[in-house]
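Dear colleague,

I am passing on the structure that we spoke about, together with some notes on what a first look through it brought up. Please read them beside the coordinates below.

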Number of protein chains: 2
Amino acid sequence: MTSTDSADIISLDTLAVDGAVADGAVAGSAGTAAPARGGRGGRGGRGGGRGAEARRAVRRSGGLQQLKPIDRKIGTYELLDEQALTTIEHNAETILEEIGIVFHDDEEALALWREAGADVSGERVRLPRGLCRSLLASAPETFVQHARNPERSVTIGGNHTVFAPVYGPPFVRDLEGGRRYGNIEDFRNLVKLTYATPSLHHSGGTVCEPVDLPVNKRHLEMIKAHLTLSDKPFMGSVTAPERAVDTVEMARIVFGADFVDQNCVVINLINANSPLSFDSTMTESLKVYARAGQACIVTPFILAGAMAPVTGAGVMAQALAEAMAGMALAQLVRPGAPVVMGTFASSMSMQSGAPTFGTPEPALVLYGMAQLARRLKVPFRSGGSLTGSKTPDAQAAYESQATLQPTVMAGTNFVLHAAGWLEGGLVSSFEKLVMDADQLGMMHALANGVDMSENGQALDAIREVGPGSHFLGCSHTQANFETAFFRSVIADNNSYEQWEADGAKDAVVRANAVWKARLAGYEQPALDDDRAAALDAFVAERMASMPDRWS
Amino acid sequence: MTSTDSADIISLDTLAVDGAVADGAVAGSAGTAAPARGGRGGRGGRGGGRGAEARRAVRRSGGLQQLKPIDRKIGTYELLDEQALTTIEHNAETILEEIGIVFHDDEEALALWREAGADVSGERVRLPRGLCRSLLASAPETFVQHARNPERSVTIGGNHTVFAPVYGPPFVRDLEGGRRYGNIEDFRNLVKLTYATPSLHHSGGTVCEPVDLPVNKRHLEMIKAHLTLSDKPFMGSVTAPERAVDTVEMARIVFGADFVDQNCVVINLINANSPLSFDSTMTESLKVYARAGQACIVTPFILAGAMAPVTGAGVMAQALAEAMAGMALAQLVRPGAPVVMGTFASSMSMQSGAPTFGTPEPALVLYGMAQLARRLKVPFRSGGSLTGSKTPDAQAAYESQATLQPTVMAGTNFVLHAAGWLEGGLVSSFEKLVMDADQLGMMHALANGVDMSENGQALDAIREVGPGSHFLGCSHTQANFETAFFRSVIADNNSYEQWEADGAKDAVVRANAVWKARLAGYEQPALDDDRAAALDAFVAERMASMPDRWS
């Protein structure tokens, strides 16, 4: 093995290194870790700086520090050239003009479109070339989604990337419990775990379906969990317009009605029913949120070959048309309402027709759609850590990382499903959530780019060490070592012998210990007593106001 | 789960789909699968087209088709701007001029440098600013490495990416046999498996160390295995100059002496002993190969913080200096000798000092070094599917894919360790080799980019289907479905119930079945009898000429 690439383990006893690990420990100054703290005062989570208390809080949480959303210092990858982009934009306008979009069961939406100059025939709305784009001129290029703890507020758009956990699975999975239907306890644990996870900037929405609660009431407990168990920003209910109204009401209790009217405090996932239609459930919820000045992510959910053509350029034109129509509707309801252009595209198994993830074709679509969103000057949502695997095995990890890399390199602004997604979105996995989050931490370091300062160039260190020696003890290494490299909480890089002595654990077993430790160390962020009581009263009143429904 | 991103399984019985799978099945016309065939005639593997025989060969091998190296249709990711690149180039020249490079125990190299105008003091060679760069003007920007089957010859450089298997591990691992020292049978099986793997374009070199053979003779059996069990291009021995001589001699037997003198038929891995020195073992081997007109990959092998500074810009300047000096030496030996600029950079665990893989800092170095190589107009080698994990688990897959994506997006021309690397390069894993190769197949589709033809744009399909319907049966889907999406041989995308019924196998268990099937279906590519006999005689003669040595 002389002089080959094989890696020898190098002893490093010349360096004193802090043993604490967190996926918040990122190289470089731009890591900007904010201390975890129990928010208090103000809008339920605001108040003056309490430095000593914050430091105690960090110590109490085992040194866990929260990461700010990525503020990228590296360029985006530009897949398509000007001609390709112009062609796809032209095709999207052709689709809107010639074929149009169907808005089901929503007379108000049809009226708004008619008034805006669209050609409305039955439920089919044909949109003159350029109409959507001109309506979207009022949409903000970036906006802030406020959290009840201002330290956790996130900017969506521009150079920023916000990571949110998995959304929507009816099942959960963990190492001991296996695969089972999700319940409200799982939901709360996933919210707590997300809160305790530094690289997840956002609490997300339906982190799993709490199927033990009635369908028409579960949103109340879900929103309450996000508002009380976490102080990160969250997502609202979209499964019925009255649930969207409840979400906004609950946000008003916690943030104050005036603040909510003037600021975005909740973001919501509005899916198109591709191809080329929107269901009223979605447009009614969109209107509630837009009217309240809250943000909507309009996402064509596309399994290529089923909801769109099998070819990427076709998927992009159709998805652009659908997203533009949905976002423009929000502008008709309230000009300036924050919107995000979403894309969720998967490929298809040619054996079974099942959706497949982490494959190259959706990555290409993601890169192209990110460019199209930038040209439209709206934030972009796509990607995540997606997989079709049934367990958090090698397939899950390959596919997740093969989705996450393009997500980040494309400059995606809001990343739903960034951690915990398993089995094509049918399962929220506790172990995968912390494994994925570890990868998300790495993305912060990647997006920081290369430090070109004199210290980064390290020419003096190279002079000091010279040929044939080593850098282990040199002053530059001593000065930079603790912040030089990303620290994984999941990876085992010990020797084989040490790894065997530690129980020969694979990544999933280690991840199991991590999420349990995070839940065990969880401390609820404080919420103003009056607001907490008002929230409880609202939920109780709404619960009592209607009979349970289970479908 | 109404209207969320959750993925429903869609029945696809309207489409007749070929059940055959191979990681050679790549979307789009640029997949350019070449039929597998038993090469025959000519230089041991050449001869006229035998269409029917080729088709029979494909059938015999279960439909397995070989992939051509990637000929990328997408742009590279340009991480560093002009100023950063110029700064790093300037620093590299400063290192060469001020600090210099030590060439240990190689009087001939020192004499060549002296003659070229360098300042030689003892073994330290200080190189005037610009000397290396001007010497490298004679190095080819791209070159062909010929395989004994011309269908398998590869172009190294330009838009091409060539994938080669893991190099160097003393251990092997498989699901049943666990971790054990490698032997010549393992070596041969890895060569056969690589031959049978469509996305590995190259047979590689030390796919594992056959530690059951004497150290001074094992190269003979290794080279013979590459030349007889595979007809893909291969790598030569560099562990002693006489072994490099043996490699060239054996190549001459198979390819013909004149052909070898005029063409590149073997490529070799020459590592710098960073920081800033070369051992004579390496420079003596480099001189043998360069003199014979064969290719050298000059690679600084850097664990940042040990062999170079901990900061990326420092690593890049030092690695560029080292690589330029090594490649320039090859030009002094024989102007025009093909060289490849290599980089192997890993980060370091701050707990143990162990190398870590799949982390963001080496990815940034990779992107930057690829740019620097392009500016130098030489091919670039880096990356692979690297991991520090002890088993082919989620850690292994995350880290491998987090290395492979930057490898491909950076435009790397030669990718050693593209499949099978485990445990920081200490282990060749049979299961991981086929799992990684599956990912390599996907990279072909990614690099094909987006088809912007009218068929790709699919506007007529969108018109035909219209709103609210589906694309499953439409003519565009029918026409494009079989080639639309990459087909994985490893991923399971079936329903949970089907997966359970199939035995609830994880990716490693499925990979185990794949490599066994490939080895079971292996057929040796034909080699001209006279040349095979001459090769045997040469090996026997060399074996008999020296006593066994075990260190």
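In chain B, a salt bridge brings together the side chains of Arg252(B) and Glu249(B), with 2.8 Å from N to O. Please keep in mind here and throughout that this is a predicted model. The two residues are about one helical turn from each other, because they stand three residues apart in helix H7 (residues 241-255) of chain B. Arg252(B) counts as partly exposed because its relative accessibility is 28%, and Glu249(B), with a relative accessible area of 29%, is partly exposed too.

Over all chains, the structure holds 54 salt bridges. One that links distant parts of the chain is the pair Lys68(A) and Glu151(A), which are 83 residues apart; the closest N and O atoms of this salt bridge are 3.5 Å apart. Lys68(A) sits in the loop between helix H1 (51-60) and strand E1 (70-71) of chain A, and Glu151(A) in the loop between strand E5 (143-145) and strand E6 (154-156) of chain A. Lys68(A) is partly exposed at 28% relative accessibility, as is Glu151(A) with a relative accessible area of 29%. There is also a network of salt bridges in chain A, in which Asp106(A), Glu108(A), Glu284(A), Lys287(A) and Arg291(A) are linked. As a general point, side chains of opposite charge can pair when their charged atoms come close.

Turning to the chain as a whole, chain A has 551 residues, of which 67% are buried, and its secondary structure comes to 19 helices and 20 strands. Of the contacts in chain A between residues at least 6 apart in sequence, 77% join residues that are at least 24 apart. The accessible surface of chain A is about 16900 Å², and carbon and sulfur atoms account for 50% of that.

In chain A, 151 residues are in contact with 151 residues of chain B, and the area buried between the chains is about 11800 Å², with 67% given by carbon and sulfur atoms. Between chain A and chain B there are 30 residue pairs in polar contact, counting those with both residues at pLDDT 80 or more. The largest share of the side of chain A that touches chain B comes from helix H12 (residues 394-409) of chain A, with 11 residues. The salt bridges between chain A and chain B number four, and one that joins the two chains is formed by the side chains of Lys390(A) and Asp492(B), at 2.9 Å from N to O.

The largest nonpolar core has 355 residues, and Trp113(A) and Trp113(B) are those with the most contacts inside it. Leaving aside neighbours within four places in sequence, the residues in contact with Trp113(A) include Phe103(A), Val120(A), Leu127(A), Cys132(A), Ala325(A) and Leu332(A). In soluble globular proteins, nonpolar side chains tend to be buried together.

His417(A), in the loop between strand E18 (414-415) and strand E19 (421-422) of chain A, counts as buried because its relative accessibility is 0%. The side chain of His417(A) reaches the backbone nitrogen of Tyr167(A) at 3.2 Å, and a polar contact of 3.5 Å joins it to the side chain of Arg381(A). Arg381(A) is also among the residues touched by Thr343(A), others including Thr299(A), Pro300(A) and Phe380(A), when residues up to four places away in sequence are not counted. Thr343(A) is found in the loop between strand E14 (339-342) and strand E15 (344-348) of chain A, and Thr343(A) is buried, with 2% relative accessibility.

With best wishes

Conventions
Residues numbered from 1 in each chain as written. Chains lettered and ligands numbered in written order. Predicted model: local features only at pLDDT ≥ 70, side-chain atom pairs only at ≥ 80, totals over all residues. Heavy atoms only, no water. Core = buried A, V, L, I, M, F, W, Y, C linked by side-chain atoms within 4.5 Å. Buried < 20%, exposed > 50% of the residue type's maximum accessible area, 1.4 Å probe, protein only. Contact = heavy atoms within 4.5 Å. Helix = DSSP H or I, 4+ residues; strand = E, 2+ residues; numbered from the N terminus. Areas by Shrake-Rupley, 256 points an atom, 1.4 Å probe, with all protein chains shown as cover. Buried area = accessible area lost by both parts, 1.4 Å probe. Polar contact = N/O pair within 3.5 Å; in protein donor to acceptor, adjacent residues only side chain to side chain.
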